[in-house]
Amino acid sequence: MKKFMNDPMNFVNDMMSGIMLAHGDLYKLAANDRKCLVRKETPIEGKVAIVTGGGSGHLPVFLGYVGEGLADGCAVGNVFSSPTARQIYKVAKAVSADKGVLFLYGMYQGDMMNFDKAADMAREDGLTVESLRVSDDVASAPADRWQERRGVGGIFFAYKIAGAIAKTGASLDEVIEVTKRAITNIRTLGVAISSCILPAMGKETFEIEADKMEIGMGIHGESGVERVTMKSSKEIASILVDTVCEDAGLKAGEEVAVLVNSLGGTPLEELYILYGDIYPLLEARGLKVYKKYIDRYACSMEMQGASLSLMRLDPELKELLDAEAASPFLNL
């Protein structure tokens, strides 16, 4: 295993130290905890505070979405592990002002348990807290059980919409309503062609043959729906577009936002080849691409692979998607 690191057991703490040295002008620590990062200007009066969190190993998910017009704070877990309930509570306490707190995170059992515990702790302390979970991975549950799906790359759109509506001074109920509408219209499917290496393990988390790819693999290496012979970009694009569009029930004339995401090890050159094959397929379906994002937005360490996320748009979601936002980790 070759990685730029020191003690594997200190991987996350060392990463957080580097982030604070690089971006200490934008962020501060909550309760002096290196795994609790918040915007420097928080708490912000007159604005719903948005808190997220999850395991490390996915940058820019999760802490890369802390910024203006995005989330206000993030609790960071060890690699592929949930942060603790107390860490989530510390972040909520640090960012809470006068309009309540929204917990916004991906659908994973450990995160659900700890965010629920943190919400209870925060409410006991007098905070108003509500939760929304992103569940966009079409490979992880049938369409009629979409709320049970994993949260993957499409969480980008949820952060963007929630952050934008919160920035307007909307109430907690209004932020929840609009963000929930966005979440119900996000679908994602990914393809992996190599494994990743967890620092503490020192070896690949799974094996995939050199001539194979896995459709629907999760961002922790969870099994996908099918392992097949490696396809061309055009063939992969067809699988992704057909599956996502049909699951979402997208129809000709509708507008969508498109996210083509590297799972960590896939270079931009290949993402643009893939987008070049995705776009005409969307066009052939009569879909209008309103906005596109092509980069690393939700990774799995150095895993080679890519995912396609689509979000169906309406006039309000388009306006919120266009709102200004900033994070040193993201190409917005």
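**Close-up views of a predicted model**

**View 1. Buried face of helix α2 and its neighbours.** In helix α2 (residues 85–95), the buried residues are A85, Q87, I88, Y89, V91, A92 and V95. The structure shown here and in the other views is a predicted model. An α-helix has 3.6 residues a turn, so residues three or four places apart point the same way.

**View 2. The open six-stranded sheet.** Across the sheet, the strand order is β9-β8-β7-β12-β10-β11, and the pairing is mixed. Strands β9 (226–229) and β11 (288–295) form the edges, each pairing on one side only. On average, neighbouring strands are turned by 20 degrees against each other, with direction ignored. Helix α7 (residues 268–284) packs on this sheet, where α7 touches β10 (255–262), β11 and β12 (305–312). The direction of α7 makes about 165 degrees with that of β11.

**View 3. Pairing of strands β7 and β8.** Strand β7 (residues 186–192) and strand β8 (residues 212–215) run antiparallel and are joined by two bridges. V191 has I215 of β8 as its bridge partner.

**View 4. The largest nonpolar core.** This core has 63 residues, of which M16, L104, F157, I161, M311 and L321 touch the most other members. Helix α4 (residues 155–167) is the element that gives the most to the core, with 10 residues. Leaving out residues up to four places away in sequence, I161 touches V178, T179, A182, M311, L317, L320 and L321.

**View 5. Contact of helices α5 and α8.** Two packed helices are described by the angle between their axes and the distance between the axes. For helix α5 (residues 172–184) and helix α8 (residues 315–322), the axes come within 11 Å and cross at roughly 100 degrees. The two helices are therefore roughly perpendicular to each other, since angles of 65 to 115 degrees count as such. On the α5 side the contact is made by V178, R181 and A182, and on the α8 side by E316, L317 and L320. Of the residues in this contact, four are nonpolar and two are charged, with no polar ones. V178, A182, L317 and L320 are also among the residues touched by I161.

Technical notes:
Residues are numbered from 1 along each chain as its sequence is written. This is a predicted model: local features need pLDDT of at least 70, side-chain atom pairs count only at pLDDT 80 or more; totals for chains, interfaces and linings use all residues. Side-chain values use heavy atoms; hydrogens and water are left out. Two strands pair if DSSP finds at least two bridges between them. Helices (H or I, at least four residues) and strands (E, at least two) are DSSP runs, numbered from the N terminus. Axes are lines fitted to C-alpha atoms, for helices over the stretch in contact, and angles run from 0 to 180 degrees between N-to-C directions. Contact means heavy atoms within 4.5 Å. A nonpolar core is a set of buried Ala, Val, Leu, Ile, Met, Phe, Trp, Tyr and Cys residues joined through side-chain atoms within 4.5 Å. Buried means under 20% relative accessible area, exposed over 50%, partly exposed in between (1.4 Å probe, protein chains only). Angles under 35 degrees count as roughly parallel, over 145 as roughly antiparallel, 65 to 115 as roughly perpendicular and the rest as oblique. Ala, Val, Leu, Ile, Met, Phe, Trp, Tyr, Cys and Pro count as nonpolar, Asp, Glu, Lys and Arg as charged, and the others, Gly among them, as polar.
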